[in-house]
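Have the model open as you read.

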Amino acid sequence: MVRPKTAQDLGMLKAQRPQVWLTAYDFIQAQLAEAASMDAILVGDSLGMTMLGYSNTLAVTTDDMVYHARVVRRGAPQTVMVVDLPFLTYRSPEIALTNAGRLMQEASADAVKLEGGRRVAECVQRLVSEGIPVVGHLGLTPQSVHIMGGYRVQAKTEEAIVQILDDAQSLVQAGITALVLEGIPDRVAELITERIAVPSIGIGAGQATDGQVLVFHDCLGLSERTPKFVTPFAQGRQVLGQGLEQYREAVLNGTFPDSDHAYHIADKEWARFQSRCPLSDTMSQEVKRD
Ligand code: KIV
């Protein structure tokens, strides 16, 4: 199976097979994603919620993204890594270039992702002209949570469908490498997928996109709440919780650690030590001192 090595390789998969993306934010998640042969890892600004405990993505900074992306890169050196530009970090082409440049230079990103349609096309053009591959993101765009009035499915009216098709075309013309479609009706996602030359990567966008992306924690059942569009592929929260309960129980009832999980000293060496410094003497001296 063809394994993409660069962001541009993701494009050639469009006509070949579905592509599978996963978010990752730390070393072990990155290792797991690479070991599972993900086509791309997205270091999403969803890390604001999954890793930093914020209630939305707005407080995430470029420094946060650089930090997490560097860690992910160490865990997944062979996988295409796309890194989000956070809220307000691409409000002009020059600001976008400064921030995207940091993700490329300091974290070795293969591409950056930004949210929005026609309004960000100029930023996309500027980044691409400087050699930075860009992934677009349309539909439910979490950085606009306050404008959307919450995390709601988008493109549900005739006008909104016309708008999203226009946005998709603008982004493609500006030079995007792939397009994430989040939280839109399946038929709308299918239409966009047919009309654009770059791969569409869906999340809550039905079956017809060229690939899927999931948040690591949703994929493995680690999230407290699972969105409607997710099928967890493991019961992570339950399994980890049970493991921790068993650990606590084992320490309390004395079954952990057992002798097999302890380090041992040779009898001969222990006897030599005792003959020089008998344990009972040492202890009784300590008791007397107390
Ligand atoms: O930040 C993120 O993880 C994302 C995905 C949900 C697509 O943008």
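Start with Ser 46, where a polar side-chain atom lies 2.5 Å from an oxygen atom of the ligand. That is a polar contact, meaning a pair of N or O atoms within 3.5 Å. Asp 45 also has a polar side-chain atom 3.1 Å from a ligand oxygen, and for Asp 84 the distance from such an atom to an oxygen of the ligand is 3.1 Å. The protein covers 96% of the 260 Å² of accessible area that the ligand has on its own, with areas taken from the Shrake-Rupley method and a 1.4 Å probe.

Before going further, please note that this is a predicted model, in which local features need pLDDT of at least 70 and side-chain atom pairs count only at pLDDT 80 or more, while totals for chains, interfaces and linings use all residues. Residues are numbered from 1 along each chain as its sequence is written, and side-chain values use heavy atoms, with hydrogens and water left out.

Who else is around the ligand? Taking residues with a heavy atom within 4 Å of it, the shell includes Thr 23, Leu 42, Lys 113, His 137 and Glu 182. Sorted by class, this shell has three nonpolar, four polar and four charged residues; Asp, Glu, Lys and Arg count as charged, and Gly is among the polar ones.

Because Lys 14 lies in the loop between helix 1 (9-12) and strand 1 (19-23), and Asp 210 in the loop between strand 7 (200-203) and strand 8 (211-214), the pair ties together parts that are 196 residues apart in sequence. Helices (H or I, at least four residues) and strands (E, at least two) are DSSP runs, numbered from the N terminus.

Finally, two backbone details. Most residues other than glycine have a negative phi, and most peptide bonds are trans. Ser 37, not a glycine, has a positive phi of about 55°, and the peptide bond from Phe 256 to Pro 257 is cis.

How values were computed
Polar contact = N/O pair within 3.5 Å; in protein donor to acceptor, adjacent residues only side chain to side chain.
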